[in-house]
Amino acid sequence: MSLTIRSVARQDYDQWLPLWDGYNAFYGRSGPTALAPEITKVTWQRFFDAYEPVHGLVAESDGKLLGMTNYLFHRSTTAIEPSCYLQDLFTLEASRGKGVASALIYGVYERAKLAGSPRVYWQTHETNVTAQSLYDKVAERSGFIVYRKIF
């Protein structure tokens with residue numbers, strides 16, 4: 001399979017949206033718990049706003065999008081250089097196990113290096129053992145536990 005990892009483009013929206021929706025459904029954000037349409041709209045717009053630190057990559061083969069990842073850069077109190085947070089990663093079910101997700105992760109690694117970021121990090125749900133088997137090959141577990149409070 002010939003695979004290209006590239007920045008998301010405006011003309012990708014119709015193929016990107018099902019990937020985005022699939023990602024959100026995987027994490028329980030569908031139906032009555034779906035993200036508000038405004039969140040999807042603003043997320044999409046941020047990819048094309050030069051003042052935003054949010055970026056998107058897609059994996060494409062023969063004109064079809066097989067996966068997507070979204071990442072952002074932010075400041076840190078423990079480094080001068082920006083940190084890169086890989087926030088979202090999703091591939092079509094038929095594309096899983098074929099190197100699409102790892103290619104997207106390595107695409108983020110490349111962009112992080114170009115931006116002068118020495119670190120890429122992400123999180124996944126503890127039940128996402130399939131993804132963890134890949135993540136254990138391309139990165140190391142930090143040992144940190146995530147806490148949050150939703151208002």
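The model is predicted: local features need pLDDT of at least 70, side-chain atom pairs count only at pLDDT 80 or more, and totals for chains, interfaces and linings use all residues. Residues are numbered from 1 along each chain as its sequence is written, and side-chain values use heavy atoms, with hydrogens and water left out.

**Overall architecture**

The protein contains four helices and five strands; these are DSSP runs numbered from the N terminus, helices being H or I with at least four residues and strands E with at least two. Read from the N terminus, the order of elements is β-α-α-β-β-β-α-β-α. The radius of gyration is 15 Å, close to the 15 Å given by the globule rule for 151 residues, so the protein is as compact as a globular protein of that length. That radius is taken over C-alpha atoms, and the rule is 2.2 Å times the number of residues to the power 0.38. The C-alpha trace spans about 40 × 40 × 35 Å along its principal axes. Of the 151 residues, 35% are buried, where buried means under 20% relative accessible area, exposed over 50%, and partly exposed in between (1.4 Å probe, protein chains only).

The five strands form an open sheet with mixed pairing, in the order S1-S2-S3-S4-S5. Strands S1 (4-7) and S5 (120-121) are its edges, each pairing on one side only; two strands pair if DSSP finds at least two bridges between them. S1 pairs with S2 (residues 54-61) in the antiparallel sense over four bridges, and Thr4 has Glu60 in S2 as its bridge partner. Helix H3 (residues 100-114) packs on the sheet and touches S1, S2, S3 (64-74), S4 (83-91) and S5. The direction of H3 makes about 160 degrees with that of S4; axes are lines fitted to C-alpha atoms, for helices over the stretch in contact, and angles run from 0 to 180 degrees between N-to-C directions.

**Nonpolar cores**

A nonpolar core is a set of buried Ala, Val, Leu, Ile, Met, Phe, Trp, Tyr and Cys residues joined through side-chain atoms within 4.5 Å. The largest has 19 residues, of which Leu89, Ile105 and Trp122 touch the most other members. S2, S3, S4, H3 and helix H4 (129-138) each give two or more residues to this core, and H3 supplies the largest share, seven residues. Leaving aside residues up to four places away in sequence, Leu89 touches Tyr23, Met68, Thr69, Ala101, Leu104, Ile105 and Tyr135; contact means heavy atoms within 4.5 Å. A second, separate core of 14 residues includes Leu19, Val54, Leu72 and Tyr85.

**Individual residues**

| Residue | Relative accessibility | Class |
|---|---|---|
| Thr69 | 0% | buried |
| Asp62 | 80% | exposed |
| Phe151 | 88% | exposed |

Thr69 belongs to strand S3. A polar atom of the Thr69 side chain lies 2.7 Å from the backbone oxygen of Asp88. Beyond four places in sequence, the contacts of Thr69 include His55, Gly56, Leu57, Leu104 and Val108.

Asp62 is located in the loop between S2 and S3. Although not a glycine, Asp62 has a positive phi of about 50 degrees. Most residues other than glycine have a negative phi.

Phe151 lies in the segment after H4. Phe151 is 19 residues from Gln132 in sequence and 29 Å from Gln132 in space, C-alpha to C-alpha.

How values were computed. Polar contact = N/O pair within 3.5 Å; in protein donor to acceptor, adjacent residues only side chain to side chain.
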